[in-house]
Amino acid sequence: MADNRGLSHIWLPYTQMQTTPAPLIARRTKGCTIDLEDGRTLTDGIASWWTACHGYNHPHIRDRVSAQLIAMPHVMFGGLVHRPALELAERLCALLPGDLERVFFTDSGSVAVEVALKMAVQYWLNKGQRGRTRLLAFRGGYHGDTIATMAICDPDEGMHSMFAGALPEQIIADLPRDDASFKALDETLAAHRHEIAAIVMEPLVQGAGGMLFHSPEVLRRIRELADKHDVLLILDEIFTGFGRTGTMFAYEQARIVPDIVTLSKALTGGTMALAATVARKHVFDAFLSDSPMHALMHGPTFMANPLACSAACASLDLFEREPRLEQVAAISAQLAAELAVCRGVSGVRDVRVLGAIGVVELDEIRDMNRLKAALVEEEVWVRPFRNIVYLTPAFTMTSAELSHLTGAVHNVLAAGAFR
């Protein structure tokens, strides 16, 4: 008999718990697989929300975290610092293109974006411009689930739309893709220039908004508009950072530098909760003053946790020692080849691939629970959302494991499990 003790006390994310079947219970992970308590093993197609880029239980990360656990699991970051955080900050700044040189650590992606927004608004306040307190973001975007980050997500997307009256009103524009839409964005920025603190966007891929892709040229032209209208540019690399789009950071493909960038998810290789908000020199310099009020007044209790920083340093070691970007290129080619067959399935609207991201977009998913159950029956762990079935595997996944995933997606869709 299954041991379901504790399930009646759990509140699951993004889940209507009255109508959703009981969750599966994971027992252990290894490589690119998840063992369940019921004896089944699932090939993980989404790397635990895109975090486990090196696969699970990598011995190098495990060993470094174990050593740090013995030495010092945590110490407050107020008035004290420690070597794991200093090493990680230095390595991140050396890795990020441009003069991004100051790192503020937090413990989740949403908070990293919150800090970026706070930095942007206070940047202008510290410079004596008190009216520049609004943000411009784009439809289709997603930046987190906290109050401030919900306000810069797609306002019509169902997950956050009900909070409209409770959220600060920001400026939400269409993501430009041609000359006419860039002209419209230029006009919007001109009309609101003296109240906008920053533009916020996900580079190359709007992830949770529907895995929507745009070109590096779009990103480059938005950087030009930010400069033209003297607003900061915040790039949310929480999903795209650390190789997911084929380069270490997505914005590299546009050959630009943001004023602030946010990182999380794959930062620790999926091992520990950690995030970072990294600012360029001119942003940090605006906080230097004789006035205590000009300091950045933010400080999560567990910021720069030594265990998490150690995991992140070990993850960066693996990017240096092992051919991760070459593996992403191979995964990308295989996803493109093997998901192409889904185009022939009735109800499939589009198939697209960028780096280690494979997307099958459907006209609609009528029965999400049935679709998820059918994927598990194929012994894969894939979590569709909205009208999207997507794969974001670990970069260490074998060709055979990836074929298992792509074959399962095609089998389930061809059988009509989403109808």
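Lysine 265 sits in the loop that runs between β11 (260-263) and β12 (275-280); strands (E, at least two residues) and helices (H or I, at least four) are DSSP runs numbered from the N terminus. This is a predicted model, in which local features need pLDDT of at least 70 and side-chain atom pairs count only at pLDDT 80 or more, while totals for chains, interfaces and linings use all residues. Residues are numbered from 1 along each chain as its sequence is written, and side-chain values use heavy atoms, without hydrogens and water.

An unreviewed UniProt entry lists Lys265 as "modified residue: N6-(pyridoxal phosphate)lysine"; such annotations may be inferred rather than shown by experiment. Asparagine 305 belongs to the loop between α9 (281-285) and α10 (306-321).

| Residue | Relative accessible area | Class |
|---|---|---|
| Lysine 265 | 25% | partly exposed |
| Asparagine 305 | 11% | buried |

Buried means under 20% relative accessible area, exposed over 50%, and partly exposed in between (1.4 Å probe, protein chains only).

Beyond four places in sequence, lysine 265 touches residues including Trp49, Trp50 and Phe239, and asparagine 305 is in contact with Pro73, His74, His82 and Met272. Contact means heavy atoms within 4.5 Å.

The domain assignment, automatic or from a database, gives domain 1 (7-57 + 323-415) and domain 2 (59-321). Their C-alpha centres lie 26 Å apart. Across the boundary, 28 residues of domain 1 are in contact with 32 residues of domain 2.
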